[in-house]
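Hi,

Here is the structure I promised to pass on. Have a look at it first, and my notes on what turned up follow below.

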Amino acid sequence: MKHLIDPTDLSVEEIDGILNLALDIISNHDKYKEACKGKKLATLFFEPSTRTRLSFEAAMMELGGNVLGFSSADSSSATKGESVGDTIRVVGCYADIIAMRHPKEGAPMLGSMVSPVPIINAGDGGHNHPTQTLTDLLTIKREKGDLNNFTIGLCGDLKFGRTVHSLIKALSRYEGIKFILISPKELKVPDYIITEVFEKNNIDYREVTTMEEVMPELDIIYMTRVQKERFFNEADYVRLKDTYILDKSKLKNAKETLSIMHPLPRVNEISTELDDDPRAAYFRQALNGKYVRMALILTLLGVNV
Ligand code: CP
């Protein structure tokens with residue numbers, strides 16, 4: 001039995017297998033419509049979500065399986081003091097696979113230690129979001145045709161943004177990728193990413209504070225929301241929340257082949273005037289999330305079609 005807690009729980013070969021399976025699901029959707037008949041996915045969301053929870057649920061439905069779960073801690077027995085471990089042991093009696101989001105870093109890992117069924121980390125605090133990373137990798141593969149040899153600008157809240165931490169870890173295993181980290185000094189990537197990922201693996205990265213100074217270099221710009229829910233101080237959030245707003249004027253020196261990505265939800269980071277620009281990939285990215293989660297469910301359940 002395999003769990004997915006951290007993006008590096010999957011080897012590059014296993015990731016390639018999941019992405020290729022997702023591409024086959026896109027091309028041959030009907031072939032998979034009963035692949036999980038009789039199987040159940042539990043979605044245990046102790047923190048709010050639109051895309052991750054609903055795309056997991058849609059994924060299982062499109063595989064012919066069923067879904068159960070809760071969408072907030074308030075509607076679970078966590079409010080009565082039940083531990084994550086006990087919750088997982090019990091839900092493991094009802095479901096074949098569990099997708100879990102929790103505000104505390106490490107909670108899905110704790111769950112995986114006692115779970116009788118595969119656990120998928122659907123986001124743990126400011127730590128990791130490995131299924132968003134699979135979504136992002138599938139999007140890059142579809143938009144760019146390759147997961148090697150490009151320059152990516154990661155922009156916004158690089159301190160609390162778990163999607164960025166997971167994506168950096170995953171992309172660091174591919175060839176020829178240059179990372180440009182665009183953030184205010186208060187929201188720089190955590191030190192462990194610099195030392196354990198970039199420096200340890202001799203990866204090309206640099207830190208800047210404006211997107212304008214690097215825009216002409218970028219093949220991908222990955223915008224992120226300032227994570228209001230992780231701030232200790234409302235005044236700091238208000239001061240930093242609109243540091244970066246991507247709009248038409250900021251793209252005047254950008255490549256025609258640029259891809260604009262965002263894990264969503266968006267607040268103000270990308271002007272809606274860009275939504276119809278062919279370079280705007282963020283809604284295609286959200287759709288890719290459903291297909292890649294279908295592929296992940298099949299892989300972790302060991303279902304071959
Ligand atoms: N990208 C993402 O994780 O979105 P949700 O918080 O809506 O699931």
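The side chains of Arg162 and Glu47 form a salt bridge, with 3.1 Å from N to O. Please keep in mind that this is a predicted model. Across the interface of domain 1 and domain 2, the rule finds 1 salt bridge, and 10 residue pairs are in polar contact there, both residues being at pLDDT 80 or more.

H1 brings the largest share, with 8 residues. By residue type, this side of domain 1 has 14 nonpolar, 11 polar and 7 charged residues.

Now for the domains themselves. The assignment puts 7–128 + 289–301 in domain 1 and 131–286 in domain 2, so you will find that domain 1 is given as two segments, because that is how the domain assignment lists it. Their contact takes 32 residues from domain 1 and 25 residues from domain 2, and the C-alpha centres of the two domains are 25 Å apart. The size of an interface is often given as the accessible area lost when the parts come together. Between domain 1 and domain 2 the buried area is about 2300 Å², and carbon and sulfur atoms give 58% of this.

Next, the ligand. Around the ligand you will find Ser49, Thr50, Arg51, Thr52, Arg101, His129, Gln132, Pro263, Leu264 and Pro265. What lies 2.6 Å from an oxygen atom of the ligand? That is a polar side-chain atom of Ser49. On the nitrogen side, a polar backbone atom of Pro263 is 2.9 Å from a nitrogen atom of the ligand, and a polar backbone atom of Leu264 is likewise 2.9 Å from a ligand nitrogen atom.

Is the peptide bond from Leu264 to Pro265 cis or trans? The bond is cis, with omega near 5°. Pro265, one of the residues that surround the ligand, sits in the loop between strand E9 (259–261) and H9.

One more backbone detail is at Asn149. This residue is not a glycine, yet its phi is positive, near 60°. Asn149 is found in the loop between helix H5 (130–144) and strand E5 (150–155).

Happy to talk any of this through once you have had a look.

Best wishes

Methods
Residues are numbered from 1 along each chain as its sequence is written. This is a predicted model: local features need pLDDT of at least 70, side-chain atom pairs count only at pLDDT 80 or more; totals for chains, interfaces and linings use all residues. Side-chain values use heavy atoms; hydrogens and water are left out. Contact means heavy atoms within 4.5 Å. Buried area is the accessible area (1.4 Å probe) that two parts lose on being put together, summed over both. A salt bridge is a side-chain nitrogen of Lys or Arg within 4 Å of a carboxyl oxygen of Asp or Glu. A polar contact is a pair of N or O atoms within 3.5 Å; within protein, one must be able to donate a hydrogen and the other to accept it, and residues adjacent in sequence count only if both atoms are side-chain atoms. Helices (H or I, at least four residues) and strands (E, at least two) are DSSP runs, numbered from the N terminus. Ala, Val, Leu, Ile, Met, Phe, Trp, Tyr, Cys and Pro count as nonpolar, Asp, Glu, Lys and Arg as charged, and the others, Gly among them, as polar. A residue is near a molecule or strand if one of its heavy atoms lies within 4 Å of it.
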